[in-house]
Amino acid sequence: MRKGRVSPGVFLRRVLVRTLLAFTLFWGGGIALFSIAPVPFSSVMMERQIGAWLRGDFGYVAHSDWVDMDEISPFMGLAVIAAEDQKFPEHWGFDVAAIEKALAHNERHESRIRGASTLSQQTAKNLFLWDGRSWLRKGLEAGLTVGIETVWSKKRILTVYLNVAEFGEGVFGVEAAARRYFHKPASKLTSSEAALLAAVLPNPIRFKADAPSGYVRNRQAWIARQMRQLGGESYMTRHALH
């Protein structure tokens, strides 16, 4: 019996479903694997490296050195929580109040968009997705955030975040950043140094840890105050984050 031809619409739906299934299995496997294994590289690292090659910049190297949380100064974890996500130990991956405030702000100031991504969302994006803004990426980011919040502990999320975050041109992860800017391992970072690294995170290409602008210095001072208000180094122990 001769098989009937598949319509273009049915064929396209099959391709989309199979593609989505393949990515779901890939991301699910990644979430399971990286719940225990060190992360060798991230999606954003690959994006930066490939972008450099396409520009003809063959000297660019996206560099990262994995370190476990006990090899990272507790001040560093505290600094990124103070700077980026003060409700990190409490929320389930999303800070609803911050999202509502950001939406209200963006409606009033369309030229100055404010984000409300938690450390969990940023980890999902940096590890598995790409940079930039789009509804597709935000939707995928939300699903991946639920996945890592379900499988990983808060300590694991913070550990991965600190190892894949971008701190400068080709500098990924806190160990590479500490050695590049302070000539020491991440375990030896002081409170002030951790606050400075956290201060460049909103835009690590524009803001320089090794040549901080007045804005970056002001942000560093603000982060340092927030760290003290959270309770200092003991905060990390209280919340089982170090």
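Modeller: Start with helix α5, residues 119-128. Ten of its ten residues are buried, so helix α5 is largely enclosed by the rest of the structure. Buried means under 20% relative accessible area; exposed means over 50%, and partly exposed lies in between (1.4 Å probe, protein chains only). The buried residues of α5 include Leu119, Gln121, Ala124, Lys125 and Phe128. Helices here are DSSP runs of H or I with at least four residues, strands are runs of E with at least two, and both are numbered from the N terminus.

A word on the basis. This is a predicted model, where local features need pLDDT of at least 70 and side-chain atom pairs count only at pLDDT 80 or more, while totals for chains, interfaces and linings use all residues. Residues are numbered from 1 along each chain as its sequence is written, and side-chain values use heavy atoms, without hydrogens and water.

Glutamate 141 sits in helix α6, residues 135-151. Beyond its neighbours within four places in sequence, glutamate 141 contacts Ser117, Gln121, Ala124, Lys125 and Leu129 (contact: heavy atoms within 4.5 Å). Glutamate 141 is itself buried, at 1% relative accessibility.

Glutamate 141 also has a charged partner. Lysine 138 forms a salt bridge with glutamate 141, with the closest N and O atoms 3.0 Å apart. A salt bridge is a side-chain nitrogen of Lys or Arg within 4 Å of a carboxyl oxygen of Asp or Glu. The two residues are three apart in helix α6, so about one helical turn separates them. Lysine 138 is partly exposed, at 30%. Lys125 of α5 belongs to a network: salt bridges with shared partners join it to Arg48, Asp131 and Glu166.

The whole structure holds ten salt bridges. One of them pairs glutamate 84 with arginine 219, at 3.3 Å between the closest N and O atoms. This pair links distant parts of the chain: glutamate 84 lies in helix α3, arginine 219 in helix α10 (residues 214-230), 135 residues apart. Glutamate 84 counts as partly exposed at 22%; arginine 219 counts as buried at 15%.

Helix α8 is another enclosed element. Seven of its nine residues are buried, so the rest of the structure largely encloses it. Its cover includes α3, α7, β1, β2 and α9. The axes of α8 (residues 174-182) and α9 (residues 191-199) come within 11 Å and cross at roughly 110 degrees. Axes are lines fitted to C-alpha atoms, for helices over the stretch in contact, and angles run from 0 to 180 degrees between N-to-C directions. So α8 is roughly perpendicular to α9; that label covers 65 to 115 degrees, with under 35 roughly parallel, over 145 roughly antiparallel and the rest oblique. On the α8 side, Val174, Ala177, Tyr181 and Phe182 make the contact; on the α9 side, Glu193, Leu196 and Leu197 do. Just after α8, histidine 183 takes a positive phi of about 55 degrees.

Buried residues make up 45% of its 242 residues. Among contacts with a separation of 6 or more, 69% come from residues 24 or more positions apart.
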